[in-house]
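This report walks through one chain, from overall figures to single residues. Please keep the sequence and the model open alongside.

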Amino acid sequence: MACDYFRWDTSASPYAQHPAEAYALAQPSRGLIQSFQQTRNDRAGSSLNTPASMKTKVRFTLATTSTIVIDIAANATMTVMAVLDAIAKSQDDTRWEIPATYESYQHALRALPTGAPNLKLEILPLSLSLSKTLKWLALPDTAADIRETEVEERMLKLRYYEGLWMTMKPFQKKSVREAVRRDGRVMLADDAGLGKTMQAMGVMATFDDDWPVLIVCPIETHSSWVEHLIEWLLISRDDICIMQNKGNIGLKRKRRQKQPARRKHRSFQASWAIGSGDEIHSEDDGDNDSVFNTGVWASNEGDVPIDLFSDHKIYIATFEAASKFKKEIEERNFRFIVCDESHHLSKRNSVINRNLVPIMQNTDHLLLLWNNPDLARPADLFSNLHALRKDMFPDFQKFGKAFCDGKQQILGWDYSGKNHKEWSKYVDPSPLVLTNPILHYKGLSNQVELRFILDHLLWIRRTKEDVKDELPF
């Protein structure tokens with residue numbers, strides 16, 4: 001029997017929300033909270049249709065290496081469709097195609113009536129990195145002729161190093177030419193065994209007016225670099241400074257001081273024959289102050305400090321050594337840096353990365369050598385691309401969203417590339433506690449766009465299959 005005096009007040013029921021729904025609305029994302037968002041939408045119906053959601057989105061994407069696709073929302077007006085029909089090839093009522101050129105892209109942007117208030121167009125343009133790549137490829141004829149003239153002048157310098165010129169294969173000379181065309185800022189990403197060291201020295205020879213050169217590489221490759229520099233670039237042993245003992249580095253030469261007895265420590269040795277057959281031995285432990293060596297080698301009586309403003313033409317340092325002397329190297333302001341085995345920079349939060357990448361960003365010419373990097377894991381490439389072109393890849397979050405399938409989840413950004421059902425098994429939805437942190441940066445998206453940018457502007461990459469006709473084996 002119903003009570004005439006008391007009854008439930010249900011007037012606020014349409015506005016009541018479950019706490020989970022309120023959280024979903026405050027921080028919208030996909031995945032686990034998608035069902036909460038959908039429930040809320042079903043209840044509210046058309047009341048959620050704000051003016052912002054009524055905008056007509058026009059999205060530009062690179063579909064192939066030669067085609068840019070324009071996608072529009074289904075609520076597009078006849079005015080917008082008529083404009084797109086006039087400038088692009090129509091595939092259907094929501095999709096148009098234009099050539100993948102900077103001129104066509106800019107023409108399409110200008111043609112869209114973005115200023116008309118009644119249309120409410122929201123333009124989603126190409127990424128900054130892709131736009132810059134297209135612009136670089138669309139250099140005017142006059143500027144292109146000037147650039148090619150400068151390239152030819154620099155390539156003439158390479159012929160002076162006759163031994164290097166006669167040894168290089170045609171595909172290696174082509175690589176040097178392309179690197180010079182890109183002003184000496186490029187990643188050499190050929191397969192192992194295709195002569196990336198020789199190509200790097202060819203580029204160094206064309207920019208010999210910007211020497212001295214800093215070469216950052218693992219200690220295991222120091223000897224081979226010295227041998228090739230002497231053989232191919234006609235550099236004497238005295239012009240090469242190998243930095244191996246931290247105790248003897250300095251911007252100014254100091255008087256030799258008597259050294260105290262050295263404490264016992266765990267050490268390693270490296271020896272090799274250089275030039276006339278002299279052997280060089282160096283010792284270092286992981287945490288003492290000794291990592292550099294010079295043309296004047298350390299003796300038992302004490303170390304002679306290095307002068308980074310000396311007349312040496314080449315400085316060679318390990319990653320650890322260059323990182324420790326970030327300040328001194330910045331003051332020296334090398335205009336040409338070569339980074340061999342640049343995959344050592346892949347760890348974005350490492351000390352080496354934080355210290356060396358800013359130095360590489362500020363140099364005029366930068367060569368990164370990496371044996372066949374894996375394009376299926378673009379997150380590993382970010383630090384190298386950030387060093388080459390900070391203007392195109394300013395931060396990892398934007399890069400991850402564009403190329404690592406980045407998605408914002410309840411506990412932050414996820415670049416693992418997992419779908420939402422797989423992602424949910426890492427989360428206990430009751431207390432919403434992350435049981436297995438998703439830190440595997442294996443996501444991949446927009447692969448066509450990333451490969452287009454890399455091939456046309458940032459790296460030079462060939463496989464042995466690509467150049468098999470020019471190989472001796």
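## Overall figures

Of the 473 residues in the chain, 44% are buried, where buried means under 20% relative accessible area, exposed over 50%, and partly exposed in between (1.4 Å probe, protein chains only). This is a predicted model: local features need pLDDT of at least 70, side-chain atom pairs count only at pLDDT 80 or more, and totals for chains, interfaces and linings use all residues. Residues are numbered from 1 along each chain as its sequence is written, and side-chain values use heavy atoms, with hydrogens and water left out.

The chain has 17 helices and 20 strands. Helices (H or I, at least four residues) and strands (E, at least two) are DSSP runs, numbered from the N terminus. The accessible surface comes to about 25,800 Å², by the Shrake-Rupley method with a 1.4 Å probe. Carbon and sulfur atoms hold 50% of that surface. Among contacts with a separation of 6 or more, 70% join residues 24 or more positions apart. Contact means heavy atoms within 4.5 Å.

## Nonpolar cores

The largest nonpolar core has 69 residues. Such a core is a set of buried Ala, Val, Leu, Ile, Met, Phe, Trp, Tyr and Cys residues joined through side-chain atoms within 4.5 Å. Phe60, Ile68, Leu356, Phe393 and Phe399 touch the most other members. Beyond residues up to four places away in sequence, Ile68 has contacts that include Phe60, Leu62, Trp96, Ile98, Tyr105, Leu126 and Leu134. A second, separate core holds 38 residues, among them Val176, Met204, Phe207 and Trp232. In soluble globular proteins, nonpolar side chains tend to be buried together.

Which residues of helix 3 are buried? In this helix, residues 78-87, they are Val80, Met81, Val83 and Leu84. They cover an arc of only 160 degrees around the axis, so they sit on the same side of helix 3. The arc is that of the directions from the helix axis to the C-beta atoms. An α-helix has 3.6 residues a turn, so residues three or four places apart point the same way.

Met78 and Ala86 are exposed on the other side of helix 3. The buried residues of the helix pack against strand 2 (67-72), strand 4 (95-99), helix 4 (102-111) and strand 5 (121-124).

## Helix 5 against helix 17

Helix 5 (residues 128-137) packs on helix 17 (residues 447-458) at an angle of about 40 degrees. Their axes are 10 Å apart. Axes are lines fitted to C-alpha atoms, for helices over the stretch in contact, and angles run from 0 to 180 degrees between N-to-C directions.

The crossing of helix 5 and helix 17 is left-handed. That term applies if the near helix is turned anticlockwise from the far one by less than a right angle; clockwise is right-handed. Helix 5 makes the contact with Ser129, Leu130, Thr133, Leu134, Trp136 and Leu137. Helix 17 brings Glu449, Phe452, Ile453, His456 and Leu457.

## Backbone exceptions

Most residues other than glycine have a negative phi, and most peptide bonds are trans.

A cis peptide bond joins Trp211 and Pro212, with omega about 10 degrees. Pro212 lies in the loop between helix 9 (196-206) and strand 7 (213-216). Asp183 is not a glycine, yet its phi is positive, near 65 degrees. Asp183 sits in the loop between helix 8 (170-181) and strand 6 (185-188). At a relative accessible area of 41%, Asp183 is partly exposed. Leu234 also has a positive phi, about 55 degrees. The loop of Leu234 runs between helix 10 (222-232) and strand 8 (240-243). Leu234 is exposed, at 54% relative accessibility.

## Buried helix residues

Asn384 belongs to helix 14 (residues 378-388). Asn384 counts as buried because its relative accessibility is 0%. Leaving aside neighbours within four places in sequence, Asn384 contacts Met187, Ser342, Leu345, Leu368 and Trp370.

Ala200 lies in helix 9 and is buried at 0% relative accessibility. With neighbours within four places set aside, Ala200 contacts Leu188, Trp225, Leu367 and Leu369. Ala200 and Leu368 are 168 residues apart in sequence, but 8.9 Å apart in space, C-alpha to C-alpha. Ala321, in helix 11 (residues 319-324), is buried with a relative accessible area of 0%.
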